[in-house]
Amino acid sequence: MKEYDVFIAGGAIAGPVAAKFCAKQNLKTLLIEKDKVPREKPCSGIQFPYFEKIIGDAIPASRLCNNALSKVEMRFPNGKMISSNFPMLNFMRDTFDEWLCILAQDYGAEFRDGCRFKDFEETDDGIIVHLETEKSTETIKTKYIIDATGMRPVIRRKLRKDNGFKKGSTGAALNYYFTADGNLEPDKLYQFWNIDYNNMMFAWVYNKTLNDGKDYWVVGTGYDKDVIMRLDSFFEHIKELYQLRNVIIVKKEGYSSSMTFEDEERIWLGEKNFLMAGDAAGLIDLTRGVGMDAAALSGRLAAKAIGTAEESGKPVIDVYSRLMKHLVKQTRKNQQTGILSFASNEELQDYLDKGLIKMGLNMTLQSVLNKVRSAERQVMMP
């Protein structure tokens with residue numbers, strides 16, 4: 001039986017970042033991913049520049065899309081629009097997540113893809129973990145476990161079977177990749193704040209590079225029900241607004257979640273020597289519209305918590321909870337004011353009218369402050 005200091009399930013963002021920083025502390029670390037890497041991952045793939053600071057390495061140009069996003073266009077329920085310059089990182093999650101897993105290995109972590117977590121047993125001298133591949137099964141022993149398995153977290157659900165989830169889907173997101181002639185600008189992220197199209201955050205349009213090396217537009221939205229109907233309606237609006245012609249859809253992708261977004265107990269960091277990171281911790285922030293930065297930061301802080309616990313002898317969950325205090329507070333605050341809480345576009349517009357200037361000023365301030373803050377004290381935007 002192989003023995004490790006840290007076992008991490010999930011090869012998306014939180015898992016590889018945690019593995020990198022665990023290995024950097026000379027902790028014997030095993031990272032697994034149930035699918036073969038690179039694997040398709042429906043996601044915006046849009047981040048802010050401070051994301052690289054959290055990861056601790058610059059993203060290679062080969063892992064970014066051809067078109068850099070440098071502008072945001074926001075459209076509101078009352079028809080008004082604002083546009084501003086705002087630099088962003090733009091990547092596809094399959095090639096980006098693959099790079100993160102390679103990066104973790106470069107720092108000394110062991111990585112296995114096509115490897116699935118099956119179960120665990122707690123013993124007096126460690127945690128026994130049962131793994132499975134297509135061809136074999138294996139048992140390992142570890143002192144710490146980090147669950148970074150996303151919106152349907154397998155380890156969390158074994159530890160805590162009730163809170164934060166329900167049977168079936170609580171919501172879904174759907175993307176169409178397409179080619180077209182028209183008035184869309186490839187360096188711009190289009191956001192449509194409108195409950196008719198998306199009752200979770202905003203509907204979107206932007207430019208991405210697929211594995212064939214070619215650039216395509218992606219139009220997408222999220223809804224707690226009838227997401228296909230909502231996206232089709234939004235797409236027709238986009239075609240008319242930007243005078244799109246010769247439209248050809250080349251790919252469709254989507255995902256659903258069973259996490260209850262309104263549940264106050266959705267955010268859970270773990271217990272004993274089990275730490276939750278990223279979406280598995282419930283750090284889904286629909287108000288912000290991004291979660292990869294929170295996932296990366298939680299992975300980094302989970303690794304720091306383990307290193308600190310090893311040195312100090314303090315319970316690791318206590319250390320992790322302290323390190324995560326600000327991020328959890330911000331996520332809970334946004335959870336309480338999410339779009340799901342608005343019954344109409346009139347309510348949403350009133351909220352935006354009151355908060356947009358404040359949000360813009362705060363983003364500008366935090367962007368400046370993040371440049372001088374340490375990587376572990378970055379404040380998520382917006």
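The following legends describe close-up views of a predicted model. Local features require pLDDT of at least 70 and side-chain atom pairs pLDDT 80 or more, whereas totals for chains, interfaces and linings use all residues. Residues are numbered from 1 along each chain as its sequence is written, and side-chain values use heavy atoms, without hydrogens and water.

**View 1. Packing of helices α1 and α3.** Helix α1 (residues 14-24) packs against helix α3 (residues 93-106) at an angle of about 15°, with the axes 8 Å apart. This angle makes α1 roughly parallel to α3 (angles under 35 degrees). The contact (heavy atoms within 4.5 Å) involves Pro16, Val17, Ala19 and Lys20 of α1 and Leu100, Cys101, Leu103 and Ala104 of α3.

**View 2. The aromatic pair Phe48 and Phe86.** The whole structure holds 17 aromatic pairs (ring centres of Phe, Tyr and Trp, the latter by its six-membered ring, within 6.5 Å). Phe48 and Phe86 form one that is edge-to-face (planes over 60 degrees apart), at 5.4 Å centre to centre and 85° between the planes. Phe48 lies in the loop between β3 (46-47) and α2 (50-55) and Phe86 in strand β5 (residues 81-90), so the pair ties together parts that are 38 residues apart in sequence. Both Phe48 and Phe86 are buried (under 20% relative accessible area, 1.4 Å probe, protein chains only).

**View 3. The aromatic pair Phe202 and Trp204.** The ring centres of Phe202 and Trp204 are 6.5 Å apart and the planes stand at 90°, so this pair is edge-to-face. Phe202 is buried, with a relative accessible area of 7%, and Trp204 is buried at 8%.

Technical notes: Axes are lines fitted to C-alpha atoms, for helices over the stretch in contact, and angles run from 0 to 180 degrees between N-to-C directions. Helices (H or I, at least four residues) and strands (E, at least two) are DSSP runs, numbered from the N terminus. Angles under 35 degrees count as roughly parallel, over 145 as roughly antiparallel, 65 to 115 as roughly perpendicular and the rest as oblique. Rings of Phe, Tyr and Trp (its six-membered ring) pair if their centres lie within 6.5 Å; planes under 30 degrees apart count as stacked, over 60 as edge-to-face and the rest as tilted. Buried means under 20% relative accessible area, exposed over 50%, partly exposed in between (1.4 Å probe, protein chains only).
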